[in-house]
Amino acid sequence: MDFDLVKARSLLYRNVRNFFDEKGYLEVETPILSPTLIPEPTIEDFATEFTNEFRASRQLYMVPSPEIFMKRILAEGSPSIYQISKCFRNAEQIGHLHNPEFTMLEYYTVGYDEKDSIALTEEMFCKTAIPGCPDGLKGGFEVVSMADALKKATGLDLEAIQDYATLRKQAVNLGLAIDPSVREGWDDTFNRIFVAFVEPALTGSRPVCLTGYPAQIECLAENDGMTKKRWELYWDGVEIANCYAEETDPLKVRDCFRKEYAALSAARSVSGSVIPDVDDKYWEIFRTFPKCSGVAIGMDRLLMTECKKKSIGDLILFPVSDIL
Amino acid sequence: MIKAGQIDKGTALLIKGQPFVCIDREFVNPGKGSAFVRLKLKSPSTGQVLAETMKSQDNAEDITVEDMDFQYQYNDGESFHFMNVDTFDDVPVPMTSFQDYQYIMKEGETYRCTVYNDEILDIQVPSKVVFTVAEAEDAIKGDTVTGATKYVTTETGLKVRVPIFIKQGEKIRINTETKEYLERVNS
């Protein structure tokens with residue numbers, strides 16, 4: 001056990017709490033066990049059961065992110081909030097960037113959009129960095145749009161691949177081996193190109209903020225024409241953060257929930273994995289939900305990068321990879 | 001058929017009719033996206049390396065391989081020559097496919113190999129191997145700096161950096177992946 005790394009985590013958390021406390025954010029603590037989840041077809045869930053001799057048992061789920069509760073706090077009229085909490089994602093492959101249990105820093109800034117969150121996050125990274133952190137941070141964040149990154153990595157024009165037939169043809173032209181019998185959505189085929197060509201190019205020592213994700217990749221960020229008001233942060237090739245200008249329209253949230261739940265339950269009734277209960281009234285909280293921007297940061301990955309390590313297993317005490 | 005998510009280092013696959021062996025794989029979960037795997041695959045017959053990106057749920061054509069013992073004989077500058085220890089057949093393997101092993105394998109030594117259709121797809125070299133120092137420079141007199149090193153050459157021709165106290169004829173253990181000196185072996 002390397003106690004210098006244990007100290008590094010402790011210092012980073014202290015710095016982060018000081019940063020947000022000084023800015024007047026409220027630190028909140030929300031449950032790990034939840035009776036319902038936000039439907040996300042690409043995240044598999046852990047389910048457990050509350051049992052009591054004298055009551056009916058109740059299925060509970062371990063949250064894959066604290067979003068479901070933090071958004072309820074915001075809808076109640078809170079100021080900007082943050083939380084450092086444990087999150088759980090099932091069925092992901094164990095590797096140098098994945099552990100089924102990991103730590104997330106999530107913060108929501110009332111009145112902000114995703115662009116404001118870039119400046120805030122950059123300031124937070126610079127002010128909370130632990131000693132010995134890679135020099136790349138000194139230059140601040142580099143902001144690159146998905147359209148530009150795609151063009152540079154593949155020559156493709158995001159606007160020109162909006163229809164599925166063209167996208168699929170271009171993916172095959174790029175040499176991707178897609179079985180002709182495979183039927184999949186625009187988002188999956190786009191992600192094949194993204195994973196094969198775009199992401200591997202985001203390896204600079206300076207953190208790269210990749211903005212303007214295609215709107216076809218469903219999420220609770222506001223639309224902006226053919227893209228979403230969303231960015232992800234890559235540092236040294238590692239995906240560390242995800243940010244939205246949060247969707248505030250109750251009906252759009254309701255529609256997104258219904259669409260995502262349909263996709264999730266169709267896929268999982270075949271695979272047999274957990275289909276979580278979903279609160280079909282959750283969208284109603286958005287009647288009082290403020291304009292805000294939320295950022296989620298994988299703290300194990302951030303620490304890994306700041307400590308110049310190659311695996312989050314080096315930073316997590318007792319990682320699951322040790323027992324599998 | 002197997003799912004791409006099941007492919008591991010060493011898994012043998014058929015790509016457009018040609019056997020390839022997975023030499024590296026990395027899992028990727030793009031935010032709000034399906035699970036993917038990035039693979040590096042090598043053709044043992046040509047040394048060609050392919051990078052493939054697949055969804056973990058995609059099908060891949062795996063092939064049934066056998067593990068068999070072969071004795072390494074010599075190389076002729078183009079191929080390593082192995083002898084099948086059961087049939088005494090000579091099986092050449094292009095050196096370009098396993099350049100890393102040129103100064104690691106010992107003539108006359110038996111290696112476990114992965115075989116498909118009489119073709120050697122993979123040679124299983126132990127991760128730590130003991131070599132004899134064939135050539136060593138003398139340590140410079142009076143050089144007592146802690147951690148000082150020098151280069152020696154093993155009987156297989158591998159040049160490796162070792163502590164200055166290592167002498168010709170001594171045995172040393174080497175990490176065959178990193179080609180780094182691990183320790184002196186007292187015989």
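Author: Let's start with a definition: a residue is called exposed at over 50% relative accessible area, buried at under 20%, and partly exposed in between. The model above is a predicted one.

Reader: Why does B:Asn117 count as exposed?

Author: B:Asn117 has 65% relative accessibility, and the cut-off for exposed is over 50%, so B:Asn117 counts as exposed. You will find B:Asn117 in the loop between strand E10 (110-116) and strand E11 (119-124) of chain B.

Reader: What is the phi of B:Asn117, positive or negative?

Author: Phi of B:Asn117 is positive, near 50°. Most residues other than glycine have a negative phi. B:Lys16 is another non-glycine residue with a positive phi, of about 45°. B:Lys16 sits in the loop between strand E2 (12-15) and strand E3 (18-28) of chain B. With a relative accessible area of 82%, B:Lys16 is exposed, because the limit is over 50%.

Reader: Where in chain A is A:Asn18, and is it buried, partly exposed or exposed?

Author: A:Asn18 belongs to helix H1 (residues 3-22) of chain A. A:Asn18 has a relative accessible area of 39%, which falls between the cut-offs of 20% and 50%, so A:Asn18 is partly exposed. A:Asn18 and A:Lys127 are 109 residues apart in sequence, yet their C-alpha atoms are 9.9 Å apart in space.

Reader: What makes A:Asn15 buried?

Author: A:Asn15 has a relative accessible area of 19%, and buried means under 20%, so A:Asn15 is buried. A:Asn15 is also in helix H1 of chain A. Leaving aside residues up to four places away in sequence, A:Asn15 touches A:Thr128 and A:Ala129.

Reader: Why is helix H6 (residues 186-198) of chain A called largely enclosed?

Author: Eleven of the 13 residues of H6 are buried, so the rest of the structure largely encloses this helix. Among the buried ones are A:Trp186, A:Phe190, A:Ile193 and A:Phe194.

Reader: How do you know that A:Glu114 and A:Lys115 meet in a salt bridge?

Author: The N to O distance between their side chains is 3.9 Å, and the rule asks for a nitrogen of Lys or Arg within 4 Å of a carboxyl oxygen of Asp or Glu. The pair meets that rule, so it is a salt bridge. A:Glu114 is buried at 9% relative accessible area, whereas A:Lys115 is exposed at 55%.

Reader: What makes strand E1 (26-27) and strand E7 (142-145) of chain A edge strands?

Author: They belong to an open sheet of eight strands, in the order E1-E5-E6-E13-E12-E11-E8-E7, with mixed pairing. E1 and E7 each pair on one side only.

Reader: What forms the nonpolar surface patch of about 570 Å²?

Author: A:Met1, A:Phe3, A:Val6, A:Leu317 and A:Phe318 make this patch. A:Phe318 lies in the segment after helix H8 (299-306) of chain A. A:Phe318 has 68% relative accessibility, so A:Phe318 counts as exposed.

Terms used:
Residues are numbered from 1 along each chain as its sequence is written. Chains are lettered from A and ligands numbered from 1 in the order in which they are written. This is a predicted model: local features need pLDDT of at least 70, side-chain atom pairs count only at pLDDT 80 or more; totals for chains, interfaces and linings use all residues. Side-chain values use heavy atoms; hydrogens and water are left out. Patches are made of residues with over 30% relative accessible area and no salt bridge: like charges are joined within 9 Å, nonpolar side chains (Val, Leu, Ile, Met, Phe, Trp, Tyr) within 5 Å. Accessible areas come from the Shrake-Rupley method with a 1.4 Å probe; for residues, only the protein chains shown count as cover. Helices (H or I, at least four residues) and strands (E, at least two) are DSSP runs, numbered from the N terminus. Buried means under 20% relative accessible area, exposed over 50%, partly exposed in between (1.4 Å probe, protein chains only). Two strands pair if DSSP finds at least two bridges between them. Contact means heavy atoms within 4.5 Å.
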